[in-house]
Each structure stands twice: as C-alpha cells, then as structure tokens.
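These are my notebook entries on one structure. I set down what I looked up, entry by entry.

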Amino acid sequence: MQKIDYLIVGQGIAGTLLTHFLLNTGATVHVLDNRFEDAASKVAAGIINPITGRRFVKSWRVEDLIPFAKATYQELEVILGQRFYFDRTIIRTLFNTREENDWLARSGEVNYQPYMLDEVELGPYATKTHPAYSYGEVKNAAQVDVGGLVDSFAQYLMEMRAFKRKLFEVEHLEQTNGGVRYEGVEYETIIFCEGYRGGQNPYFSYLPFGGTKGEVLIVKIQEGQFEKLLKHRVFIVPLKEKDIYWIGATYDWKFEATSPTDEGFSFLKDRLQELLKVPFEILDHQSAVRPTVKDRRPFLGRHPKFPSLAIFNGLGTKGASLGPFWARHMADHLTKNIKLDPEVDISRFGLKN
C-alpha cells in the first residue's frame, strides 16, 4: 500500500499555506476540508498591519513576518495565476490630543519610522467622511484576498487529485506502528488546521483554545474611490471589485451561535453611517469565528503522546501576516526536524493526565 506523507485537515489560510510549503519540499499531501460556512478565512479582510493597538506598538516580529508574507503571497500568485496581495497604507483616526501626542511620539522613534507617517494624505476620505480630530498613517501595510486565495488553492489541489471536500471524522483515525491510517490510507503524519474547531479535537483539546466571533458587512459605496484602508472604530477595506468594501469587524468572546446577529448588523451599519457623508448599499452580512490563544501565539507541534498527529493553528486575527512565516517554520519542523521556536511550540502547554 502506498503511504502518503501528510494529511492536512482544514484548508483555511493555515492549511493552505502549510500545504504550499510541504509541496515545495516534494512531500506528498492530501487535504480534507468541509468548507464550513463560519470558517474565518471565508470572511477575513486579510489585513497586514505593522502597527496595532491603542499604544501604537509594532506587531510581534513584524520585521520578519511582513517581508516573508509578501514574498510568499507573490509566489502563490505566480503558481495560481491570480492576484491576492495588495500593498496598502492604513489611515488611523486619532480621537483626541493624547492620542495625537502618543502617535507623534511613537513615530519619532527610529525603529518605528519605517511604519509610521506624520503627514497624512486622506485622498477621497477628506470629502466623503466626516472629519476626525486628527489622523496618522501606517505604511508598509497590506491586504490579502484570503478567501480568493483559499478557493483558488482548493481548485489547484483538486486538479492534483489531492483535495476532498469532506468532514473529518476522528473515529475513523487509526494509530499504526509507522504512522496513522485514515479511511484506509496510510499517512506518516496528520496535521490539524481546523481553526477554532480545533478546540473540539479530542487529541488537542487540552490546549487553551479560544474563539472570537466577528461580524462584517460587505457594502457598495458608489462614490467611494477609496484605495487606502481606514480605521475609525471599524475598518473600511477596499476589495478587488470596484466600489465594494469590507466593513468590520465586531468582537464577541461570549457568542452562543456562529450566525450573524441583528445586533452586529446594527452596530456596523451605525458606525458606517456616522462616518460616511455619501450613501452606501449593504450587499451582505457575514460572520465567522477566529481561533484565538491566550498568549497570542500560534499552536505548532506534534502531539506529546501521538507524534503522528500534529497541529498548526491559532493564527487568530493576524493570520494573513503570521501564516506564511510560521507555516514554513512548521513545514521545516515536519520535513527537516528543525526545532520549533519555543514561543509557538505547543510544548509550552503541558498535557495533563
């Protein structure tokens, strides 16, 4: 019986990127995905933002992550024949004197200057949104068409006969002497890239999984002509289609259902009405659950008792920027036995008996 190197369970942004890097090594890979409607990758804006939070701090390992992400997405563009990566800047609303002073102080620091601008070019936002107290602008940011990438890569895998649209059923998994068997196929390793559903996986449920539900609107702003991203309580993100924008997102840590809510719809609509001077049309209202981790670091590694089972998960809201660098790191670990970075290695969480 032929043995396949890897089975990837879940083909969101994590599974897509890990599969890409494993294929680059010459490994044989099968991918299984059920295309859940509430999967985070389906509704993600794909924002790559080097400066985050109220204190305007650099994202973790930004100097490594962003250049590697850009190179990876552009490599995938060549392979798949579509464009997914867009260089952007992000205009941030500053609501008061303290925020403006904090921005100016931070932008004066030498190691922040590659990412922050004092002089802001509002472009069409100047006449089509209500003015704020002040603004700052983030450069060397980007946006990734995550949904388009995931769909295109699934088609690529189908053409290779390496993809099945099917629910993974853990009861069909069998441990063997040399690896693991699933539905009659022998694999060296199964890697779970299940997003927030990883918390329901009996092999990895000991990890401190969290989930944050986010709701977004897809709107048409006929008179927008916005090319930059704007962060004003919510994000305005231009999509590939002309005059179509992603508006979001809400954050709900105590959700009872994964479907969109009236409250989420009203919140996003109200924020957009407060901001825009021009009319807009709501085309869609979507929701998804992002996998989150308490220490805000991804989950990478093999199971401590069952080394034929592994996990690559926990990319959270920064999946577009974190994904490429750590997917390659995970692929190197699997194929070359490279030691995992302790900050992302699941061994940081002990398995309790």
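**Entry 1: Lys 339.** I began with Lys 339, which counts as exposed because its relative accessibility is 69%. For this term I noted the cut-offs: buried is under 20% relative accessible area, exposed is over 50%, and partly exposed lies in between, with a 1.4 Å probe and protein chains only. Lys 339 is placed in the segment after α8. I also looked up its separation from His 329, ten residues away along the chain, and found 9.1 Å between the C-alpha atoms.

**Entry 2: the model.** I recorded that this is a predicted model, in which local features need pLDDT of at least 70 and side-chain atom pairs count only at pLDDT 80 or more, while totals for chains, interfaces and linings use all residues. Residues are numbered from 1 along each chain as its sequence is written, and side-chain values use heavy atoms, with hydrogens and water left out.

**Entry 3: Ser 321.** I found Ser 321 in helix α8, residues 319-336; helices (H or I, at least four residues) and strands (E, at least two) are DSSP runs numbered from the N terminus. Ser 321 counts as buried, because its relative accessibility is 10%. Its side chain reaches the backbone oxygen of Lys 318 at 3.0 Å. Setting aside residues up to four places away in sequence, I saw that Ser 321 touches Ile 48, Leu 65 and Ala 69, where contact means heavy atoms within 4.5 Å.

**Entry 4: His 232.** I located His 232 in strand β14, residues 229-232. At 12% relative accessibility, His 232 counts as buried. Its side chain makes a polar contact of 2.8 Å with the side chain of Thr 93. A polar contact is a pair of N or O atoms within 3.5 Å; within protein, one must be able to donate a hydrogen and the other to accept it, and residues adjacent in sequence count only if both atoms are side-chain atoms. Apart from neighbours within four places in sequence, His 232 is in contact with Thr 93, Phe 95, Ala 132 and Leu 275.

**Entry 5: α3 and α6.** At what angle do α3 and α6 pack? I read about 45°, with the axes 11 Å apart; axes are lines fitted to C-alpha atoms, for helices over the stretch in contact, and angles run from 0 to 180 degrees between N-to-C directions. The two helices are therefore oblique to each other, given that angles under 35 degrees count as roughly parallel, over 145 as roughly antiparallel, 65 to 115 as roughly perpendicular and the rest as oblique. In α3, Tyr 73, Leu 76, Ile 79 and Leu 80 meet Leu 149, Ser 152, Phe 153 and Tyr 156 of α6.

**Entry 6: backbone.** I noted that most residues other than glycine have a negative phi, and most peptide bonds are trans. Which value does phi of Phe 56 take? It is near 55°, a positive value in a residue other than glycine. Phe 56 sits in the loop between β4 (51-52) and β5 (57-58), and at 1% relative accessibility it counts as buried. Phi of Gln 225 is also positive, near 55°. Gln 225 lies in the loop between β13 (209-220) and β14 and is exposed, with a relative accessible area of 57%. Finally, I found that the peptide bond from Gly 248 to Ala 249 is cis, with omega near -5°. Ala 249 lies in the loop between β16 (244-248) and α7 (262-275).
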